[in-house]
Amino acid sequence: MTAYVPQEDVHLGYLTVRETVTFEQRLMVESAGLSGLEARMNVEVDETLALLGLDSIAETLVGDAKLRGISGGQKRRISLAR
């Protein structure tokens, strides 16, 4: 299995870490035509955040150039989670 991870971390700064990963997960589920997986999707998001060590900052804003948020390394791990 392979995946593309862009060089630049492009995230919406006003979303939390959990919202960012949940949004991407929801896009994948809906594009695959699957329905009724809301509860399982939340579990998978929690597992992904824990696996990448992001569970402790799940409710922190990602941030951008104007809004202080998480570190660059944490943003890279969000890119992997996506």
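This is a predicted model: local features need pLDDT of at least 70, side-chain atom pairs count only at pLDDT 80 or more; totals for chains, interfaces and linings use all residues.
The secondary structure of the protein chain consists of three helices and zero strands, and the elements run α-α-α from the N terminus on. Of the 82 residues in the protein chain, 30% count as buried, while the accessible surface comes to about 5700 Å², with 56% of that area belonging to carbon and sulfur atoms. Among the contacts in the protein chain with a separation of 6 or more, 68% are accounted for by residues 24 or more positions apart.

The largest nonpolar core has 11 residues in all, namely Val 17, Val 21, Val 45, Leu 49, Leu 54, Ile 57, Ala 58, Val 62, Ile 70, Ile 78 and Ala 81. The elements giving two or more residues to this core are H1, H2 and H3. In soluble globular proteins, nonpolar side chains tend to be buried together.

One of the core residues, Ile 57, lies in the loop between helix H2 (38–51) and helix H3 (72–81), and counts as buried because its relative accessibility is 13%, under the 20% limit. When neighbours within four places in sequence are left aside, Ile 57 is in contact with Val 17, Ile 70 and Gln 74. The C-alpha atoms of Ile 57 and Ile 70 are separated by 8.1 Å, the two residues being 13 residues apart along the chain. Ala 58, which is also listed in the core, is in contact with Thr 16, Val 17, Arg 18 and Leu 49, again leaving aside neighbours within four places in sequence.

Thr 16 has its place in the segment before H1 and, at 9% relative accessibility, counts as buried. Not counting residues up to four places away in sequence, Thr 16 touches Ala 58, Glu 59, Thr 60, Leu 61 and Val 62.

In H3, the buried residues are Gln 74, Lys 75, Ile 78, Ser 79 and Ala 81. These residues cover an arc of only 160° around the axis, and therefore lie on the same side of H3, whereas Gly 72 and Leu 80 are exposed on the other side of that helix.

A search of the whole structure finds two salt bridges. In one of them, the side chains of Asp 46 and Arg 18 meet at 2.4 Å, N to O; because Asp 46 lies in helix H2 and Arg 18 in helix H1, the pair ties together parts that are 28 residues apart in sequence. Both partners are partly exposed, Asp 46 with a relative accessible area of 39% and Arg 18 with a relative accessibility of 27%. A salt bridge is also formed by the side chains of Glu 59 and Arg 18 (2.7 Å, N to O), and this pair links distant parts of the chain, with Glu 59 in the loop between H2 and H3 and Arg 18 in helix H1, 41 residues apart. Glu 59 counts as exposed, at 55% relative accessibility. Through shared partners, the salt bridges join Arg 18, Asp 46 and Glu 59 into one network.

Leu 12 is found in the segment before helix H1 (17–31) and is partly exposed, with a relative accessible area of 43%.

Definitions and conventions
Residues are numbered from 1 along each chain as its sequence is written. Side-chain values use heavy atoms; hydrogens and water are left out. Helices (H or I, at least four residues) and strands (E, at least two) are DSSP runs, numbered from the N terminus. Buried means under 20% relative accessible area, exposed over 50%, partly exposed in between (1.4 Å probe, protein chains only). Contact means heavy atoms within 4.5 Å. Accessible areas come from the Shrake-Rupley method with a 1.4 Å probe; for residues, only the protein chains shown count as cover. A nonpolar core is a set of buried Ala, Val, Leu, Ile, Met, Phe, Trp, Tyr and Cys residues joined through side-chain atoms within 4.5 Å. The arc is that of the directions from the helix axis to the C-beta atoms. A salt bridge is a side-chain nitrogen of Lys or Arg within 4 Å of a carboxyl oxygen of Asp or Glu.
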